[in-house]
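Dear colleague,

Please find below the structure that I am handing over to you.

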Amino acid sequence: MSDPTVDPTLRSFLEIPDGSPFPIQNLPYGVFRRTATEPPRVGVAIGDEVLDCAALEARRLFDGPNLAGKRIFDRPSLNPLMALGRDAWREARARISRLLSRDEPLLRDDATLRGAALIPRAEVELLLPVEIGDYTDFYSSREHATNVGTMFRGPDNALMPNWLHVPVAYHGRSSSVVLSGVDVRRPMGQTKRDDEPGPRFGPSRRLDIELEMGFFVGPGNRLGEPIPVGEAEKAIFGMVLVNDWSARDIQKWEYVPLGPFLAKNFATSISPWVVTLDALEPFRCAGPEQDPEPLPYLRSEGERTFDIELEVSLQTEKMAKPQRIIRSNFRHLYWNMAQQLAHHSITGCNMRPGDLLASGTISGPSKESRGSLLELSWAGKEPIELPGGETRTFLENGDRITMTGWCRKGGRAIGFGEVTTRILPELG
Ligand code: CA
């Protein structure tokens, strides 16, 4: 049964600018307010506007069995909506799609309601859309793991023996997940160069990006009751772009034997609009072949990932415009989201609405698809050349990094918007 909300012929009564990432087929959720004194609430991006879902809720326009009488959108985060589960998400999406469509007069012909419910996107402040309980970061790109392993351990030991069997991850830090637009300060820490006898303390000199995507868990599971791989997609609410900032010099000194700690905990940036899996459905595709076959609890059949084109651009303080430095795709990832969620919960670990699970750096087979500066500059040995004659191995103060994501297929296109961040100098 095809979902009418993703029908490419569907049109909104609103004017959607050419090239907008937010046509009526997308309908991503965010949290916004117009003024600092106004309570934050849930909205949907449509073209250059935001649809205020709380205003629709106040008029009892969500009247289906899962949403009627509930206060879900007049809230400062998406967590209450995420907790309701997929039937409610689909009910909300169908209602919003209908209200915005060209053929539905209810909102189209009611100037008062339009005035209350549609706000120019340029006039709102976007806030972190989710109250993130726990943040986990995977390491699911075979190409990234191979590149990093080659640099750190040599080509013969690049991929650790567990990697093709276990979706490797670490538990991250949710308090420092920040929205696009929030500047990131260069972290201080302990580092040790190979040619020095001991560590020193100072600003990280190898500040790096990681091109990732993340998904938010919906209803979750009870402690002790794993989410089966075949059920896992139903528990995923939607996805955002993620830049998982990394201090490579701090990481290199601290990561043995337990893995990343301070090298990763100072900031993780996400895009403000959460694109639902229902919107991504037309862009479903197969991931890489998995050989050896995963253990039964991780086996997933069919098209279990999505074709999402990802780009990263860099603009230094001297450059007049940004320069693209990376072009990759979410589909390159070896382990898919269902496998990540099934693996994460197989011990009985309880996942909660709003938990963020990120993919790990998304590198692909080509040099242009390497998802970090560590890989692009091959640990600093091959500087990246920029227009105007500047070069970069790692980030300098004032540099701006912007990541974008697009799904395109047969004339259809929806986007994730962007996550853009500027680097500030260290304190002091
Ligand atoms: Ca990462």
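pLDDT is the predictor's confidence in each residue, from 0 to 100. The model is predicted, and the protein chain averages a pLDDT of 97. A score of at least 70 is reached by 100% of the residues. Among the elements of the chain, the lowest mean pLDDT, 94, belongs to helix 6 (residues 142-153). The highest mean, 99, is that of strand 16 (residues 268-270). Where pLDDT is low, predicted coordinates should not be read in detail.

Domains and their interface

The protein chain is divided into domain 1, residues 4-127, and domain 2, residues 135-424. Their centres, taken over C-alpha atoms, are separated by 29 Å. At the interface, 29 residues of domain 1 are in contact with 26 residues of domain 2. Together the two domains bury about 2,200 Å² between them, and 70% of that area is on carbon and sulfur atoms.

Which residues form the salt bridge between Arg and Asp? The partners are Arg 90 and Asp 278, whose closest N and O atoms are 3.0 Å apart. The count of salt bridges between domain 1 and domain 2 is one. Six residue pairs are in polar contact between domain 1 and domain 2, with both residues at pLDDT 80 or more.

On the side of domain 1 that touches domain 2, at least two residues each are supplied by strand 1 (29-33), strand 2 (41-46), helix 2 (79-84), helix 3 (86-100) and strand 5 (125-127). By class, this side of domain 1 has 17 nonpolar, eight polar and four charged residues.

Backbone geometry

Most residues other than glycine have a negative phi, and most peptide bonds are trans.

- Val 256 and Pro 257 are joined by a cis peptide bond, with omega about 0°. Pro 257 is found in the loop between helix 7 (248-254) and strand 16.
- The peptide bond from Asp 291 to Pro 292 is also cis, and its omega is near 10°. Pro 292 lies in the loop between strand 18 (284-285) and strand 19 (305-306).
- Arg 60, a residue other than glycine, has a positive phi, near 60°. Its place is in the loop between helix 1 (53-58) and helix 2.

Gln 315 is found in strand 20 (residues 309-315). How far is the C-alpha atom of Gln 315 from that of Pro 294, and what separates these residues along the chain? The C-alpha atoms are separated by 41 Å, and the residues are 21 residues apart along the chain.

Leaving aside residues up to four places away in sequence, Gln 315 touches Ala 320, Lys 321, Pro 322, Gly 398, Asp 399 and Arg 400.

With kind regards

How values were computed: Residues are numbered from 1 along each chain as its sequence is written. This is a predicted model: local features need pLDDT of at least 70, side-chain atom pairs count only at pLDDT 80 or more; totals for chains, interfaces and linings use all residues. Side-chain values use heavy atoms; hydrogens and water are left out. Domain bounds come from an automatic or database domain assignment. Contact means heavy atoms within 4.5 Å. Buried area is the accessible area (1.4 Å probe) that two parts lose on being put together, summed over both. A salt bridge is a side-chain nitrogen of Lys or Arg within 4 Å of a carboxyl oxygen of Asp or Glu. A polar contact is a pair of N or O atoms within 3.5 Å; within protein, one must be able to donate a hydrogen and the other to accept it, and residues adjacent in sequence count only if both atoms are side-chain atoms. Helices (H or I, at least four residues) and strands (E, at least two) are DSSP runs, numbered from the N terminus. Ala, Val, Leu, Ile, Met, Phe, Trp, Tyr, Cys and Pro count as nonpolar, Asp, Glu, Lys and Arg as charged, and the others, Gly among them, as polar.
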